[in-house]
Amino acid sequence: MTRELFLCDTNAPLARLEVKHHFESLSDVEKNYAHFIARASWAGARVCSATTSHSSPLLFQMMLDLFADENDSKTIRDMAAFKLKANLPEASWQFFLEYYLILRHPSDLSNFKSFGDTKFIPNVRKDEFQKAVVASGSASALKAFEALKDEIYSLDPPNSLHIGFPADGHVTGYYSQDITKEDVQVVQAILEANSILPLNTRLFKTAPNTFTLKVASASTGKGKTLKSADGVTTVDVEFGDFQPQMFKAAMALRFAAEHTNNETQRQMMAKYVENFETGDMEAHKESQRLWIKDVGPTVECNVGFVETYRDPAGVRAEWEGFVAVVNKEQTAKFAKLVEHASDFIKLLPWGPSFEKDVFNKPDFTSLEVLSFATSGGPPAGINIPNYDDIRMTLGFKNVSLGNITNAKTPGVKPTFICPEDLETYEKWKPASFEVQVGLHELLGHGSGKLLAEVAEGQFNFDIADPPLNPLTGQPVKSWYKAGQTWGSQFGATAATYEECRAECVGMALCVNREILSIFHITTEEDISDAIFTNFMIMARAGLVALEVYDPVNARWGQAHMQARYGILRTLMNAGLVTIEETQDANLFVHVDRSKIESHGVPAVKDLLVKLQVYKSTADSENGIAFYKSLTTVPDKWLSYRDIVIKRKMPRMVLVQGNTFLKDSDVAVFKEYPLTLEGFIESVIERDF
């Protein structure tokens, strides 16, 4: 094992999340509404730390204590005086600050990277780190460092360097150390039988066949005791997990409710509050129904336990919350895409039997993010809610996060793009990526039907004459039973599998001239360049994905990257993409422009049929096996991985601003310098 693989990134490029002028365009009521939702989002952010690992909360608090003023925890200390007292070499001081930087982003308040789910350790030596801790004068930080210093620097045992099931030696905060995959499956069956959603829960084993299910809520107390059908397994439900965070989030949203623009928003805030106070996920589901109905708001938001990417079992969610300002000019493009979405869905290759009976046209907006509390960095786009029953009946919302996709760090050149393609790639990447994000979110995550028994004896398809499975030519033999969900059936594979399906929809449809015209790409030269660049982006991403692959355990550390690797292999097998290895240990991705529509698109559509049919029919056995085969990394690719890691660039770090209510009744927005100290100040002044 190479120690360098786990060292904290250094010289990570900083970019500002540009939103100040959008915030200042809001009315006073809208500014305050946005402010309190941002407060609620960050109030729950410490949950991400605790669900990553059991030691991360103490580590994060230690880092806050190190840099906060001793007389005011919401003010950054005198950094010049701190640096002088620590008396570290310049490089060591930078490494010390960078550990804080990467601890906060992109690794969700822990020392595990969100892109890769692998541990990172400081570049600064342990004795120098301790010297800086002592110089801070913080007794609490010193006590925490003494407790954590060995763990902070430890690279043993190797399995402890990755997020996963504790029983396999991996790390997670969702489960106690002795939980196995089989335990989770047994408990999940009990929860399904009792119609309990596990999204906002953690699971702890207290004795053989006895478990405590901890539910995130401001209220505390014992809940029901649940039993397995055979009476062997007992699950005691306990409320009050993350009680301080849920109380604070609920309180902030009570204030937000006083600044809503309409009754739907007010009711939505009330349901969020109910969810965070009681832990009842049915209240959160109702908040999402109201969110879908809040069409065309000026301020957009969503808060709660949403994505299941980092749960080894794929059923428990991370906390996230965002608030953003709608960019009306950019939203007009997506409105046209939504207007014609029903026609574009018919172009997908799986046929009407595996498509929703009715496509409920969603709200699709381009947003300028004001604040985003989530694991790692904010995504480029979002399609939620993830509740299958709501998506199938009421629909969903799509958002494209404009100031995320447009954030730039000048002078950083992309790796693995050959010199002759670089100019085209850099010119067309923003526009091509915008098309891909739009198609991925709206028609990717928004398409496809789950064949299901929606209630006992009631089906959403003709059970007497079931549709033919295009993979077998026979009537379908499986579907979702009552109480089963896509996530519960496909488990930890569900997230990456779905990202692969959504990405493929974008790749299959990005060649459509009518779609491209919506994004003002109309001339043949521009069309050719935009399509070529989109395939180049995907192929390069599939190669770069190798940096988050763990060859020791043959496992992937990031859902989207695993998906993109699978697509790359598909395009290579189709004869569209080749990878060139140079004499100077570099790699170049080549896409044959002339074969995109003749070879690439048909290959992607063939992949889409398989992904959709397995998903539609709840055929997790064959679907998971197929996806595992698709994304298996052969030994001969490990030399590519070595080159990818050697040339790995540190991920861009977004410096988010903060809102404050100080000398007036109207929230104000504060930006921070694009420096390590500026980033740290932005975190210290945030209300966790």
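Trainee: Which residues does Phe-535 touch, not counting residues up to four places away in sequence?

Mentor: In soluble globular proteins, nonpolar side chains tend to be buried together. In this predicted model, Phe-535 touches Met-507, Cys-510, Val-511, Leu-571, Leu-576, Val-591, Ile-596 and Val-601. Phe-535 belongs to the largest nonpolar core, which has 87 residues, and together with Leu-543 touches the most other members. Helix α21, residues 524-544, gives the most to this core, with eleven residues.

Trainee: What span should helix α2 have, and how far apart are its end C-alpha atoms?

Mentor: The 16 residues of α2, numbered 28-43, should span 22 Å at 1.5 Å a residue, and the end C-alpha atoms are 22 Å apart, so expectation and model agree.

Trainee: How many residues of α2 are buried?

Mentor: An α-helix has 3.6 residues a turn, so residues three or four places apart point the same way. In α2, 14 of the 16 residues are buried, and the helix is thus mostly covered.

Trainee: Which residues lie nearest the centre of the second largest pocket?

Mentor: Leu-5, Phe-6, Glu-547, Arg-641 and Ile-645 do, out of 27 lining residues. β15 (549-550) and α25 (638-646) are the elements that each give two or more residues to this lining, and α25 supplies the largest share, three residues. The pocket's volume is about 560 Å³.

Trainee: How do the residues of that lining divide into nonpolar, polar and charged?

Mentor: The lining has 14 nonpolar, five polar and eight charged residues.

How values were computed:
Residues are numbered from 1 along each chain as its sequence is written. This is a predicted model: local features need pLDDT of at least 70, side-chain atom pairs count only at pLDDT 80 or more; totals for chains, interfaces and linings use all residues. Side-chain values use heavy atoms; hydrogens and water are left out. On a 1 Å grid over the protein atoms alone, a cavity is a set of points where a 1.4 Å probe fits but cannot get out, and a pocket is an open set with protein on both sides within 12 Å along at least five of seven lines; lining residues have an atom within 4 Å of a point. Grid points are joined across faces, edges and corners, and a volume is the space filled by probe spheres set on the points. Helices (H or I, at least four residues) and strands (E, at least two) are DSSP runs, numbered from the N terminus. Ala, Val, Leu, Ile, Met, Phe, Trp, Tyr, Cys and Pro count as nonpolar, Asp, Glu, Lys and Arg as charged, and the others, Gly among them, as polar. The expected span of a helix is 1.5 Å times one less than its number of residues. Buried means under 20% relative accessible area, exposed over 50%, partly exposed in between (1.4 Å probe, protein chains only). A nonpolar core is a set of buried Ala, Val, Leu, Ile, Met, Phe, Trp, Tyr and Cys residues joined through side-chain atoms within 4.5 Å. Contact means heavy atoms within 4.5 Å.
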